[in-house]
Amino acid sequence: HRPGGRIDFENVSFGYEGSAGEPVLKNINMTCLPGETIGIIGSTGSGKSSLVSLVPRFYDTSSGSICVDGVDIRQLDPAKLRDRIAIVPQKTILFSGTIEENLRWGHEQATNDEIVHAANMAEAHSFIAACPEGYETRLGQRGVNLSGGQKQRLSIARALVRKPDILILDDCTSALDTATETKIKQSLKAFAADVTCLIIAQRITSVMDADKVVVMDDGEIVGIGTHETLMKSCRVYVEICQS
Ligand code: DGT
């Protein structure tokens with residue numbers, strides 16, 4: 001397995017086409033080292049999802065550049081770039097089909113062992129095993145009904161099946177209790193230590209133990225550092241902590 005990707009944002013600005021006014025992201029500079037876990041926090045609409053959506057080139061920057069392992073992503077083959085990145089979106093998307101089909105989606109060549117390993121890391125294996133037909137259990141209409149937190153865990157497992165170099169979790173642990181979320185993060189640290197993780201979160205507790213936390217406010221980065229440093233130096237971070 002390749003070591004996780006390094007990501008460099010250099011003077012990145014971005015605005016959605018057709019929307020007037022201020023850009024959504026302004027002068028973003030940050031580096032994510034291979035294998036680092038970066039927390040991203042900030043109020044709603046501050047630009048967190050927009051920021052991460054630039055990495056797999058769902059959108060292109062208006063100015064500035066993003067490099068993965070030192071190469072400008074605009075010079076890379078988009079399919080190869082996206083193959084290295086897995087994004088777990090805010091809204092879980094599962095289709096009618098078996099749990100296994102859902103986990104394999106986009107990475108059909110995965111072995112059963114790889115599927116189970118990913119499900120274990122995402123704290124999903126136990127509830128899947130407890131379903132009437134295990135991994136063969138059907139979801140959706142006429143299938144089993146899963147809770148929001150169970151769906152989020154399947155969505156995380158699906159991303160892990162792809163063995164990405166860069167894993168982006170976009171506020172996808174909101175329906176999980178803190179203990180489950182912590183276990184998932186511990187598994188990622190142990191079994192996917194070389195994966196660069198970007199974790200967008202609402203709760204400070206979700207990002208406190210990250211290698212560094214990026215604080216967004218109104219399209220700008222207003223602080224980068226560890227929890228301890230930000231508590232001493234970043235007003236917006238302290239406000240989020242207190243809210
Ligand atoms: P969240 O998910 O509510 O915590 O918010 P963030 O921090 O992820 O913010 P983001 O990146 O979703 O939105 C930043 C700004 O960009 C906000 O003013 C809404 C706007 N925006 C987001 N997605 C789109 C889009 O697809 N099209 C347009 N025109 N504007 C968008």
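This is a predicted model: local features need pLDDT of at least 70, side-chain atom pairs count only at pLDDT 80 or more; totals for chains, interfaces and linings use all residues.
Reader: What volume does the largest pocket have?
Author: Its volume comes to about 360 Å³. The lining is made of 15 residues, and those closest to the centre of the pocket are Ala86, Ile87, Trp105, Arg158 and Arg162.

Reader: And which element gives the largest share of that lining?
Author: That is β6, which contributes four residues. Both β6, spanning 85-88, and α6, spanning 148-161, provide at least two lining residues each.

Reader: How many of the lining residues are nonpolar, polar or charged?
Author: Sorted by class, the lining of the largest pocket holds 10 nonpolar residues, together with two polar and three charged ones.

Reader: Switching to the ligand, which residues are closest to it?
Author: The ligand is surrounded by 14 residues, of which Thr44, Lys48, Ser49, Ser50 and Gln90 are the closest. By class, this shell has three nonpolar, 10 polar and one charged residues.

Reader: Where do polar side-chain atoms of Thr44 and Gln90 lie relative to the ligand?
Author: For Thr44, such an atom lies 2.6 Å from an oxygen atom of the ligand, while for Gln90 the distance to a ligand oxygen atom is 2.9 Å. Gly45 takes part through its backbone, with an N or O atom 2.9 Å from an oxygen atom of the ligand.

Reader: What percentage of the ligand's area does the protein bury?
Author: The protein buries 61% of the 640 Å² that the ligand exposes when taken alone.

Key
Residues are numbered from 1 along each chain as its sequence is written. Side-chain values use heavy atoms; hydrogens and water are left out. On a 1 Å grid over the protein atoms alone, a cavity is a set of points where a 1.4 Å probe fits but cannot get out, and a pocket is an open set with protein on both sides within 12 Å along at least five of seven lines; lining residues have an atom within 4 Å of a point. Grid points are joined across faces, edges and corners, and a volume is the space filled by probe spheres set on the points. Ala, Val, Leu, Ile, Met, Phe, Trp, Tyr, Cys and Pro count as nonpolar, Asp, Glu, Lys and Arg as charged, and the others, Gly among them, as polar. A residue is near a molecule or strand if one of its heavy atoms lies within 4 Å of it. A polar contact is a pair of N or O atoms within 3.5 Å; within protein, one must be able to donate a hydrogen and the other to accept it, and residues adjacent in sequence count only if both atoms are side-chain atoms. Accessible areas come from the Shrake-Rupley method with a 1.4 Å probe; for residues, only the protein chains shown count as cover.
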